[in-house]
Amino acid sequence: MLRSPTRSHFRALTLLLAITTVVASCRGGRAAGPSSVAPAPVVAAARDTAAVPPPVVPPAAVLPVISDSAAKIAAALADTAAADSVAAAVAKAAGASIPGARPTPNKPPAPASRPCVLDFADSPPETRFMYSRVSDVSANTFIGGGFIGHCQGENNRIQADSAEQFQDAGIINLYGNVSFEEPGKMRLTAARATYFTREGRLYADGNVVLTQLATGSTFTGPNMEYYREVPGVSAARMLAPGRPTARLIEKDSTGKPGAPVIVIANTFEDRGDTLLLAWGNVVITRDAIEGRSDSSSFDKITERARLVRGARINNTDPNQTFVLTGDTIDLFSTNRQLERVVALHEATATSQDLVMQAERIDLRLTLQKISQAFAFGRGRATAQTPQQNVEADSLHILLPEQKVRQVRAVGRAIALGVPDTTRMVSEDRDMLRGDSVFAFFDSTAAPDDTAKTVQIREIRALGNASSLFQMASNKGRTVP
């Protein structure tokens, strides 16, 4: 049975292990060959040399596919650059220069790869461990009783009930109440985790919660994979399958957090805490607005969001109901306030007293309420109200307080109206044509008016105008 070590025991053992490592290296008596691996010892060594994390290699599924022609061009350029480098080296050795040879740029050295050197000096007195050397240059470490530590040279903090490190494989397995933190950036908690030290990759499993410390946004799911940032090489990246939930908290220019945005999807990917991607039955909820699509993206820098395939936005507020659908929907915000929504490809917008259809529908918002709507694109744009249907090449609709006040139709415009039903019964519609048609609706309603629809007041046709309208017969309502 192992006795719980004290801090002095830790320091003595650390020094002893460092000396043992040096002696073992000298005993080898030969330099390591190309296939030799000489990782650092598993516990804190006498010198704390800053470790540079290795580059993160993304999965093959997300790498871009290069065409054959592009690959050949890239190969040719690589061969040319290599030939120029060799020629320049030969010329330099001979004290001469080769005309036409391109200078070799000074490239920074690739980041070195080294295993994690665990430093657990902050661990509680109850921590116990077993150190097992498997060769002259590698060892395994098993830690129990709870520990707190970090990899020397890396800005991280690792905590768990128990752990095991396999030096040759570059793996640290963590068990029970796992916490992995990069101060000021992120904190991940889980039941279990594996840290691949050479890749800077953490795989967590079991009630995983990742918190972005700068904003307080959280991702919750059954398992996640986190790639640490490699300065100058790659940004931090998070992958979360298994239909996780994101709770995004956005702050305005004054630093005040707004209402959280809840996103649920089959898979998440967060790139550098700036771009969030979601795939598979995406559901987005923000205040009274709900968005749905097959996939979505959100750029936290430009505040632009996109819903792709089967996109739909629904305002659930009974006083401001509207539904917007399209193949793709883009949302634009400023200081976390939604200002513009654009639906593309067979778009439809439905509000209390208006149904609009077009190839593209562009909605402008004021104080989170729709104030203007534009409909245009390939084909014709249509707007239907309880009293008037308008069709044209493009439409501009004014909706202060989300009630229709004007409909402006431009380009081969046609307005079809319902005749006076108190004086006649007819299935035909009155028609007004022109290059442009303008419809004006009643704008004198009192502020407390609860009427569901507005009444048309005037309609005009301009440019090549013509009209066809029905007059009541003195022989009765049913006589044409």
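This is a predicted model: local features need pLDDT of at least 70, side-chain atom pairs count only at pLDDT 80 or more; totals for chains, interfaces and linings use all residues.
Let's work through it together.

## Exercise 1: The chain as a whole

Task: Find how many helices and strands the protein chain has, what share of its residues is buried, and what share of its contacts links residues 24 or more positions apart.

Solution. 
- Step 1. Start with secondary structure: there are two helices and 28 strands.
- Step 2. Turn to burial. The chain has 480 residues, and 39% of them are buried.
- Step 3. Take the contacts with a separation of 6 or more; residues 24 or more positions apart account for 45% of these.

## Exercise 2: The largest pocket

Task: Give the volume of the largest pocket, then describe its lining by position, element and residue class.

Solution. 
- Step 1. The volume comes to about 560 Å³.
- Step 2. The lining of this pocket has 34 residues, and the closest to the centre are Val261, Ile284, Arg286, Leu331 and Leu338.
- Step 3. Two or more residues come from each of β13 (261-264), β15 (275-286), β16 (289-299), β17 (304-315) and β18 (322-334).
- Step 4. Sort by class: the lining of the largest pocket holds 17 nonpolar, seven polar and 10 charged residues.

## Exercise 3: The largest cavity

Task: Count the cavities of 30 Å³ or more, then characterise the largest cavity by volume and lining.

Solution. 
- Step 1. Two cavities reach 30 Å³ or more.
- Step 2. The largest cavity has a volume of about 100 Å³.
- Step 3. Look at who lines the largest cavity: among them are Phe322, Val323, Leu354, Met356, Leu363, Ile370 and Gln402.
- Step 4. Assign elements. At least two lining residues are supplied by each of β18, β19 (337-350), β20 (355-366) and β21 (369-376).
- Step 5. Classify the lining of the largest cavity: nine residues are nonpolar, three are polar and none is charged.

## Exercise 4: Aromatic pairs

Task: Count the aromatic pairs, then work out the geometry of the pair formed by phenylalanine 142 and phenylalanine 166 and of the pair formed by phenylalanine 219 and phenylalanine 268.

Solution. 
- Step 1. The count is three aromatic pairs.
- Step 2. For phenylalanine 142 and phenylalanine 166, the ring centres are 6.0 Å apart and the planes stand at 85 degrees, so this pair is edge-to-face.
- Step 3. Phenylalanine 142 belongs to strand β3 (residues 139-144) and phenylalanine 166 to strand β6 (residues 162-166), so the pair ties together parts 24 residues apart in sequence.
- Step 4. Check accessibility: phenylalanine 142 is partly exposed at 28%, and phenylalanine 166 is partly exposed at 26%.
- Step 5. For phenylalanine 219 and phenylalanine 268, the ring centres are 5.9 Å apart with planes at 75 degrees, so this pair is edge-to-face too.
- Step 6. Phenylalanine 219 sits in strand β10 (residues 217-227) and phenylalanine 268 in strand β14 (residues 267-271), so this pair ties together parts 49 residues apart in sequence.
- Step 7. Phenylalanine 219 has 0% relative accessibility and counts as buried; phenylalanine 268, at 0%, counts as buried.

## Exercise 5: Two residues and their contacts

Task: Locate threonine 211 and alanine 461 in their strands, and list what each touches beyond four places in sequence.

Solution. 
- Step 1. Threonine 211 lies in strand β9 (residues 201-212).
- Step 2. Its relative accessible area is 17%; the cut-off for buried is under 20%, so threonine 211 is buried.
- Step 3. Threonine 211 touches Lys185, Met186, Arg187, Gly216, Ser217 and Thr218.
- Step 4. Alanine 461 lies in strand β27 (residues 456-462), where its contacts are Leu432, Arg433, Gly434, Ser436 and Val437.
- Step 5. Take the serine from that set: alanine 461 and serine 436 are 25 residues apart in sequence, yet 5.8 Å apart in space, C-alpha to C-alpha.

Notes: Residues are numbered from 1 along each chain as its sequence is written. Side-chain values use heavy atoms; hydrogens and water are left out. On a 1 Å grid over the protein atoms alone, a cavity is a set of points where a 1.4 Å probe fits but cannot get out, and a pocket is an open set with protein on both sides within 12 Å along at least five of seven lines; lining residues have an atom within 4 Å of a point. Grid points are joined across faces, edges and corners, and a volume is the space filled by probe spheres set on the points. Helices (H or I, at least four residues) and strands (E, at least two) are DSSP runs, numbered from the N terminus. Ala, Val, Leu, Ile, Met, Phe, Trp, Tyr, Cys and Pro count as nonpolar, Asp, Glu, Lys and Arg as charged, and the others, Gly among them, as polar. Buried means under 20% relative accessible area, exposed over 50%, partly exposed in between (1.4 Å probe, protein chains only). Contact means heavy atoms within 4.5 Å. Rings of Phe, Tyr and Trp (its six-membered ring) pair if their centres lie within 6.5 Å; planes under 30 degrees apart count as stacked, over 60 as edge-to-face and the rest as tilted.
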